[in-house]
Amino acid sequence: MKSELIDAQPLGAEQARAGWLKGYGDHPLDPYLKPGRIPHIWCAGCGIGIAFTAFVKALEQAGAPLDKTVVVSGIGCSGRAAGYLKLDTYHTTHGRAIPFATGLKLAQPELKVVVFSGDGDLFAIGGNHIIHAARRNVDITVVCINNFNYGMTGGQGGPTTPLQARTTTTPYGCAENPFNLVHLATAAGATYVARWTVLHAYELREAIVEAMNKRGFSFVEVVSPCPTGYARRNNLGTAVDLMKFYRDRAHPTDTLDPDDTALPFNGDIAVGRFVDIEKPTFMDMYNDWVVARAAGREKT
Amino acid sequence: MKPPTSSGTPNPDGGGLGVRDRQALTGTHFMTGDEASAEGALAAGCRFFAGYPITPATEVAERMAARLPQVGGVYIQMEDEIGSMAALVGASCAGARAMTSTSGPGFSLMMENIGLAAMLEAPCVIVNIMRGGPSTGLPTLTGQQDVMQARWGSHGDYEIIALSPSSPQEAFDLTVEAFNLADRYRVPVMILGDETVGHMSEKVVIPEADKIEIAPRRRPEAPAEDFMPFYPGDDDVPPMVHAGDGYRIHATGLTHDEYGYPVIDADAQERLVQRLVRKIRDHADEIVRTEETRVDDAEVVIVSFGCSARTATEVVEIARANGLKAGLLRLITLWPFPETRIRELARSGRVKTFVVAEINAGQMVYEVERCAEGRAGVALAGLMGGRIMEPPELYEIVRKQT
Amino acid sequence: MPIDADRHEAVTGKVHILEYRCKGCGYCIEFCPRDVLAESEDFNEKGYHYPYVKVEGQCVHCDFCETICPEFAIYCTKEEGRKLETADVIRDPKPRRRRSRRA
């Protein structure tokens, strides 16, 4: 049965633009956004919006050629960021943004590839991929928004949900230990590891610039409020209360002490740049060893 | 050292490194189906391979690992098949001709991202050297049990193309064709080989590089302003934009409109999914390839593919020698299913029975039954896997149909 | 006043609010270091109370509102500098924030 809709022409460019362009350009950062995509889907007070703004400002500051900058995201609230940027962006399957980004980068090494995703997408279903990408030191940047739950699907528990915290799938309190993301990324082999809260928006912007300019696998964890999901179920107050909490309890440090950098429920938050080292990237090693040796050996 | 650059299309002058010469190993070889498939990929301009070792397809990966760096490509062994398929879709979106190889268990893992490839319309080639299943099954022995899965394995509605080689030579030829089909229709294309063909060694003739037809994907001609990356041409296939082209596109696995923006409603779903399905279904007659042996006057037609078709070839001779009018319809394209020819044969009234010879508990037999429309009998000659069909046993079944 | 006060100027800024975009989170109001903004009684089409500039001339173009807003709903432009005044240089000392207790 053929629906008459399939032959209908898509909205003409003019009509679409008329609708989308209402208000487009009102904000100086609008040129970095695709027309018609604001307002975005994030809740009032959601920290992803702040991290996203920090990323846009970082793009402005880093001066990376925008035609060659690609953002890949996974599934979740953070994953929606890709759809709003005026870059080549790919919104892929749950947990698989990093291998997708790996494929992109290896097929076109001159691209600058950034993965923008959340704690569940990157460390639960995507856990295997992030540790291998870090191990290989693939030259991509990963920005992980950690809001301690699975926001998009209604606030379920995830790999960073602290012990005792309540979520829709941990109604009696979480009985699992969470990951320490900066510790994990470092152990896996990342060359740049930093964590900031969304309140530290300036530092976050700097960190993203550094991470993007870094050769190798760079990881930035962004501690973010989820007022609708996580905060509401754990009586953590309003969005502003959470930001005040970050202001009072975040302490900058550059020492990666696993205990200090852990994020227990309502505990102190260690922020800062923890790792910044030089290591040959995957392509460096592939070219220096594999390609160089392959040239000498003919296969018949 | 300069990093390898990849644009998906072979460098016409070889970059001065003789790359193009080494891309196609012109000459006569004695190689296995796995190796031939790898060489076919290279000859077609494949520059990216992401895979995971799995018997009996490992040799494809091993050959690619050795040869890809020689032709300026990249081989990466991913942590699992899920990552492999995701990397494939990514590499395809960046412009590379990309391939992976796997078998049953890995094929199952790849399914979600095969759906992503179908949704993003990212051309890629997946080689499945089938083995006995289900689950871990018979890792080292043959089977043809993934043929339905190739068509329906991922959730939702989409269409793929699947080709089945019956010899190492065909493994080479069909892999080249697979890349061209993938680029033409922007779909994942599968090479459904079986362990028998994958591991058998036979003569493979690789022609000169300029005799190998390479038809790269259609690229956009319109400028970037207001460009709609998913607006199709007359054949329902949009020209492909790569990352880094400057078009600033958004591609998502969510249902989307022609701009690529996610649109969560029934109208967008209708338009998008109908087109994804139509672009193969409406061109089935161009895509489908079969090979017929003595079908013109046959009363019993054996329908088979892969290594089973080799058994069937001999059975046709045995049957004819015993006065039975048998013929063989060898399916080279498994999907889209060669409906037209089967319907035609069933309607002719001449064919009494189709005998479907496959190494599984009955998969393609249902397609044949559907297309026979009750006008001819359909019988299954099935084996559960682990060995190829022997001519005497297949002949027995054929003989019983008369 | 410092003796080189005439060689410096006080940076001033102007806050621009895109009321229709605001989702009323309150970050800009709470964290403006110069207490320039307050929540308005009015609300926008979506029902959110957007901020308004409660004191003109107090903004120092620190850009924090623009940085902390999740909605691209507020930004700050640099205005012409003005001469330094005593109030810019000498201010009542604010109570020091108690450092968080470390375990």
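How many residues does the contact take from chain A and from chain C? The contact takes 24 residues from chain A and 19 residues from chain C. This is a predicted model. On chain A, three helices each supply at least two residues of the side that touches chain C: helix 2 (47–62), helix 8 (201–213) and helix 10 (239–249). Helix 10 of chain A gives the most, with 5 residues. By class, this side of chain A divides into 13 nonpolar, 6 polar and 5 charged residues.

Now turn to chain B. Here the contact takes 44 residues from chain A and 51 residues from chain B. Several elements of chain A each supply at least two residues of the side that touches chain B. They are helix 3 (81–84), strand 2 (88–91), helix 4 (97–107), helix 6 (127–136) and helix 11 (282–296). The largest share comes from helix 11 of chain A, which provides 9 residues. The side of chain A that touches chain B has 23 nonpolar, 13 polar and 8 charged residues.

Strand pairing also links these two chains. Strand 2 of chain A is joined by 3 bridges to strand 10 (residues 250–252) of chain B. The two strands run parallel. Follow Tyr90(A) across to strand 10 of chain B, and its bridge partner is Ala251(B).

Helix 3 of chain A, one of the elements on the side that touches chain B, holds Tyr84(A). Is Tyr84(A) buried or exposed? Tyr84(A) has 24 other C-beta atoms within 10 Å, and the cut-off for buried is 20 or more. Tyr84(A) is therefore buried. Beyond its neighbours within four places in sequence, Tyr84(A) is in contact with Leu33(A), Lys34(A), Arg37(A) and His40(A). Leu111(A) lies 27 residues from Tyr84(A) in sequence. In space, the two are 19 Å apart, C-alpha to C-alpha.

Finally, take chain B as a whole. Chain B has 14 helices and 16 strands. Its C-alpha atoms fill a box of roughly 65 × 50 × 40 Å along the principal axes. What radius of gyration would a compact globule with 402 residues have? The value would be near 21 Å. Chain B has 21 Å, so it agrees with a compact globule. Of the 402 residues in chain B, 58% are buried. Contacts in chain B also reach along the sequence. Among those between residues at least 6 apart, 77% join residues at least 24 apart.

Key. Residues are numbered from 1 along each chain as its sequence is written. Chains are lettered from A and ligands numbered from 1 in the order in which they are written. This is a predicted model: local features need pLDDT of at least 70, side-chain atom pairs count only at pLDDT 80 or more; totals for chains, interfaces and linings use all residues. Two residues are in contact if their C-beta atoms, placed from the backbone, lie within 7 Å. Helices (H or I, at least four residues) and strands (E, at least two) are DSSP runs, numbered from the N terminus. Ala, Val, Leu, Ile, Met, Phe, Trp, Tyr, Cys and Pro count as nonpolar, Asp, Glu, Lys and Arg as charged, and the others, Gly among them, as polar. Two strands pair if DSSP finds at least two bridges between them. The radius of gyration is taken over C-alpha atoms; the globule rule is 2.2 Å times the number of residues to the power 0.38. A residue is buried if 20 or more other C-beta atoms lie within 10 Å of its own, exposed if 12 or fewer, and partly exposed in between; C-beta atoms are placed from the backbone.
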